[in-house]
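Here is a short tour of one protein model for someone meeting it for the first time. Keep the sequence and the 3D view open while reading.

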Amino acid sequence: MLRIAPSILSADFSKLGQEVQELESSGADWIHVDVMDGHFVPNITMGPLVLESIRPHTSLPLDVHLMIQNPDTYIPDFVNAGADLISVHAEVCPHLHRTIHHIKDHGTKAGVVLNPATPLSVIEHVVHELDLVLLMTVNPGFGGQKFISSTLPKIKQLKEMSLKQGLKLDIEVDGGINKDTAPLVIEAGANVLVSGSAIFNHENKKESIEQLRGKSNS
Ligand code: DX5
Ligand code: ZN
């Protein structure tokens, strides 16, 4: 099932509560929360306190994308703040299997994120333990970047891996997703589309979400 997960990185941070309510009423499926620490990525965004403050404003799943070093330390805080799914970058997890179980032991869904240059082979031995794999389609750190099309074969390869092993895996993509790139990633096998600037720069959020679903071409 295709899901649209707007990233609140492009929202007005002075009224995040209202922003997530508007996304929900505009047909969003999940809310994507980009957590950056200024170390793993060259930008700083929000932490568990912000997640906790938006939690009461929506009943949609909160999809937390941790772009931070030492994610294990902060997993309990994000779980307590209301995360429904936590994804960690394979590039910062020397004990990936342990980290995945750390998330799942808290009763939260677990995902692993791969940067565009990180090969799928790093998740080969843990993929069956995962609820989701997030393939970055830009280098993480900022919204509004250009989609890297060389990630398309990787999406396809992951979809094949998932089918071959009979997994119930969500394949999420993040970065540069708009009405032109959405059909390409869907065709390649992605079923969860993160989108920040394409939704927030559009004058009508509902329309932009429908465009991403391929329901309107305007
Ligand atoms: C980038 C973030 C993305 C970002 C996507 O590091 O992980 O979630 O908000 O923004 P757009 O859709 O503008 O590329
Ligand atoms: Zn993200």
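## Gly176 and its loop

Gly176 sits in the loop that runs between strand E7 and helix H6 (182–188). The model is predicted. Gly176 counts as buried, because 24 C-beta neighbours lie inside 10 Å and the cut-off for buried is 20 or more. Its contacts, leaving aside neighbours within four places in sequence, are Thr137, Val138, Gln145, Lys146, Phe147 and Thr181.

UniProt lists Gly176 under "binding site", in an unreviewed entry. The record names other residues in that list too, among them Ser7, His65, Gly141, Phe142, Gly143 and Gly144.

## Around ligand 1

Which residues are the closest to ligand 1? They are Ser7, Pro140, Gly143, Gly196 and Ser197. In total, 21 residues surround the ligand.

The shell around ligand 1 is made up of 13 polar, six nonpolar and two charged residues.

## A cluster of annotated residues

A further "binding site" list in UniProt, from an unreviewed entry, holds His32, Asp34, His65 and Asp174. These residues span 143 residues in sequence. Yet no two of their C-alpha atoms are more than 10.5 Å apart, so they gather at one spot.

UniProt also places the feature "active site" at Asp34 and Asp174, again in an unreviewed entry. That pair is spread over 141 residues of sequence but clusters in space, with a largest C-alpha distance of 10.5 Å.

Asp34 lies in strand E2. It has 24 C-beta neighbours inside 10 Å and therefore counts as buried. Beyond four places in sequence, Asp34 is in contact with Ser7, Leu9, Thr45, His65 and Met67. Asp174 belongs to strand E7 (residues 170–174). Asp174 is buried too, with 26 other C-beta atoms within 10 Å. Its contacts, with neighbours up to four places away set aside, are His65, Leu134, Met136, Thr137 and Val194.

His65 is part of strand E3 (residues 62–67). Is His65 buried or exposed? It counts as buried, with 26 C-beta neighbours inside 10 Å. Not counting residues up to four places away in sequence, His65 touches both Asp34 and Asp174. His32, Val33, Val35, Ser87, Val113 and Leu134 are on its contact list as well.

Thr151 lies in the loop between strand E6 (132–136) and helix H5 (152–164). This residue counts as buried, because it has 24 C-beta neighbours inside 10 Å. It touches Pro116, Leu135 and Thr137, not counting residues up to four places away in sequence.

Which residues of helix H1 (residues 16–25) are buried? They are Glu19, Val20 and Leu23. Seen down the axis of H1, these buried residues fall within an arc of 95°, so they line one face of the helix. They pack against strand E1 (3–6), E2, helix H2 (48–54) and helix H8 (205–212).

The face turned away from the buried side of H1 carries the exposed residues Gln18 and Ser25. Just after H1, Gly27 takes a positive phi of about 100°.

## The nonpolar core

In soluble globular proteins, nonpolar side chains tend to be buried together. In this model, the largest nonpolar core has 63 residues. The members that touch the most other members are Ile31, Val64, Phe78, Ala83, Ile86, Val133 and Leu193.

What does Ala83 touch, not counting residues up to four places away in sequence? The answer is Leu51, Leu62, Val64, Phe78 and Thr108. Two of these, Val64 and Phe78, are also named among the core members that touch the most others.

Terms used:
Residues are numbered from 1 along each chain as its sequence is written. Chains are lettered from A and ligands numbered from 1 in the order in which they are written. This is a predicted model: local features need pLDDT of at least 70, side-chain atom pairs count only at pLDDT 80 or more; totals for chains, interfaces and linings use all residues. A residue is near a molecule or strand if its C-beta atom, placed from the backbone, lies within 6 Å of it. Ala, Val, Leu, Ile, Met, Phe, Trp, Tyr, Cys and Pro count as nonpolar, Asp, Glu, Lys and Arg as charged, and the others, Gly among them, as polar. A nonpolar core is a set of buried Ala, Val, Leu, Ile, Met, Phe, Trp, Tyr and Cys residues joined through C-beta atoms within 7 Å. A residue is buried if 20 or more other C-beta atoms lie within 10 Å of its own, exposed if 12 or fewer, and partly exposed in between; C-beta atoms are placed from the backbone. Two residues are in contact if their C-beta atoms, placed from the backbone, lie within 7 Å. Helices (H or I, at least four residues) and strands (E, at least two) are DSSP runs, numbered from the N terminus. UniProt positions are given in the numbering used here, feature names are shortened, and annotations may be inferred rather than shown by experiment. The arc is that of the directions from the helix axis to the C-beta atoms.
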